Amino acid sequence: MWVSSAPLRVSLAGGGTDLPSYASRFGGTVLGAAIDLRVTVVGRDRPAGALPGTGPRVCLDSCGYPDGTDQVANPFAREALRRHARDGDLDLVSFGDVPGGTGLGSSAAFCVALTAGLVGPGAPGAALAEAAGDIEMTGLGRPVGRQDHYLAALGGFRLLHFGRDGTVEVEEIHVDTGTRRRLDDELLLFFTGTVRDTGTVLADQHTRVSRGDADTERRLHEIKELTTSALTALRGGDVAELGQLLGRHWELKRGLGSRVTLPGIDRAYRTAMAAGATGGKLLGAGGGGFLLLHADARSRPHVRSAMAESGFIEQPFHFDTAGASLTLLPSATN
């Protein structure tokens with residue numbers, strides 16, 4: 001039996017420039033960090049002859065005994081099992097700290113955690129990230145990038161460079177204790193109540209970039225440039241400046257596709273800014289999920305009240321250095 005887990009993440013700057021449609025032409029850069037919310041996967045090889053014994057027992061979106069790997073309903077699990085040659089009697093269950101489809105990289109964290117369990121101990125973090133990314137991008141054909149997989153596999157604060165040739169360079173960013181504490185205090189996370197499929201939201205951006213839409217390219221160029229300013233603010237402990245950069249990122253991101261935002265989210269964001277928030281943005285592809293806001297000590301109570309009135313639920317979190325983990329446990333047998 002094994003228990004594996006991987007962290008969710010917050011993208012601070014550069015999100016969207018890791019998509020192959022952009023990175024393969026211009027190169028991409030993302031500044032992001034892992035947080036202490038995680039996705040966990042538990043796997044167990046059932047004893048030989050145990051009933052029903054016809055294939056993996058999978059409790060993910062629902063529980064069932066599919067007749068082999070190809071019948072596993074969850075597409076991420078199905079593709080991972082195909083790639084890692086698991087078609088026998090396997091119990092598999094997963095749970096996460098937040099709902100999927102909410103912009104924190106839960107599908108990537110699931111793929112990383114599941115891959116870690118299937119391949120066993122000793123796999124390097126970068127190898128887990130690449131294998132998990134291949135599940136989504138190559139196996140399932142989703143128009144996503146690899147930032148989530150690398151942050152889930154490696155943890156911590158990372159500056160990720162995505163080359164035109166598909167290579168990924170990873171730079172670990174040291175953040176001092178005082179700045180970490182301020183980030184934990186001043187960055188607030190609110191669930192909008194809406195879930196969505198990342199691939200559906202990103203498909204619009206992918207199409208625009210692929211056909212050379214000038215406005216979309218300009219927005220992504222500037223989003224990539226924000227990583228330089230965000231990194232300077234992070235290293236210098238200027239959390240308020242980072243909040244303003246989040247706001248600028250959101251202004252640019254809103255124009256990347258027709259599904260990036262919703263009227264109710266725009267109203268709530270304006271309310272948060274009027275209550276004293278410095279800036280913020282929807283995480284992940286957009287279209288719902290979690291809204292990240294910066295607010296100093298004086299304005300935080302007002303921002304929290306404004307978000308509650310908008311029906312948004314606060315999700316406590318902290319930044320975390322831990323990446324993917326795997327623990328092997330003895331299986332009980334009779």
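Buried here stands for under 20% relative accessible area, exposed for over 50%, and partly exposed for what lies in between, with a 1.4 Å probe and protein chains only. Helices (H or I, at least four residues) and strands (E, at least two) are DSSP runs numbered from the N terminus, and a contact is a pair of heavy atoms within 4.5 Å.

This is a predicted model, in which local features need pLDDT of at least 70 and side-chain atom pairs count only at pLDDT 80 or more, while totals for chains, interfaces and linings use all residues. Residues are numbered from 1 along each chain as its sequence is written, and side-chain values use heavy atoms, with hydrogens and water left out.

**Helix 5 and its cover**

After the helix comes G155, which has a positive phi near 70 degrees.

Strands pair if DSSP finds at least two bridges between them. By that rule, 4 strands form an open sheet in the order 9-10-8-11, with antiparallel pairing. Strand 9 and strand 11 (313-314) are the edge strands, each pairing on one side only.

Strand 10 (residues 290-294) is mostly covered, with 5 of its 5 residues buried. F290, L292 and H294 point one way from strand 10, while L291 and L293 point the other way. Strand 8 (residues 187-191) pairs with strand 10 over 5 bridges in the antiparallel sense, and strand 9 is joined to strand 10 by 4 bridges, also antiparallel. Some of the facing residues are these:

| Residue | Opposite residue in strand 10 |
|---|---|
| L187 | H294 |
| F190 | L291 |

Helix 10 lies across strand 9 and strand 10, running at about 160 degrees to strand 9. For these angles, axes are lines fitted to C-alpha atoms, for helices over the stretch in contact, and the angles run from 0 to 180 degrees between N-to-C directions.

**G280, in strand 9**

G280 lies in strand 9 (residues 279-282). Is G280 buried or exposed? G280 is buried, because its relative accessible area is 0%. Setting aside neighbours within four places in sequence, G280 is in contact with G243, L246, G247, W250, Y269, L292 and L293. H249 is 31 residues from G280 along the chain, and their C-alpha atoms are separated by 8.1 Å.

**Helix 11 and its two sides**

In helix 11 (residues 300-309), the residues R300, V303, A306 and M307 are buried. These buried residues fall within an arc of 125 degrees seen down the helix axis, so they line one face of helix 11; the arc is that of the directions from the axis to the C-beta atoms. The buried residues pack against helix 6 (177-186), strand 8, helix 10 (263-274) and strand 10. On the face turned away from the buried side, helix 11 carries the exposed residues A308 and E309. Just after helix 11, G311 has a positive phi of about 85 degrees.

Helix 6 and helix 9 (residues 239-253) pack at about 50 degrees, with their axes 10 Å apart. Helix 6 is therefore oblique to helix 9. Angles under 35 degrees count as roughly parallel, over 145 as roughly antiparallel, 65 to 115 as roughly perpendicular and the rest as oblique. T179, R182, L183 and E186 of helix 6 make the contact with V239, A240 and L242 of helix 9.

The axes of helix 2 (residues 75-83) and helix 4 come within 10 Å and cross at roughly 110 degrees. Helix 2 is therefore roughly perpendicular to helix 4. Here F76, E79, A80 and R83 in helix 2 meet D134, I135, E136, T138 and G139 in helix 4.

**S21, in helix 1**

S21 has its place in helix 1 (residues 20-26). S21 counts as buried because its relative accessibility is 11%. Apart from neighbours within four places in sequence, S21 is in contact with H206, V209 and S210.
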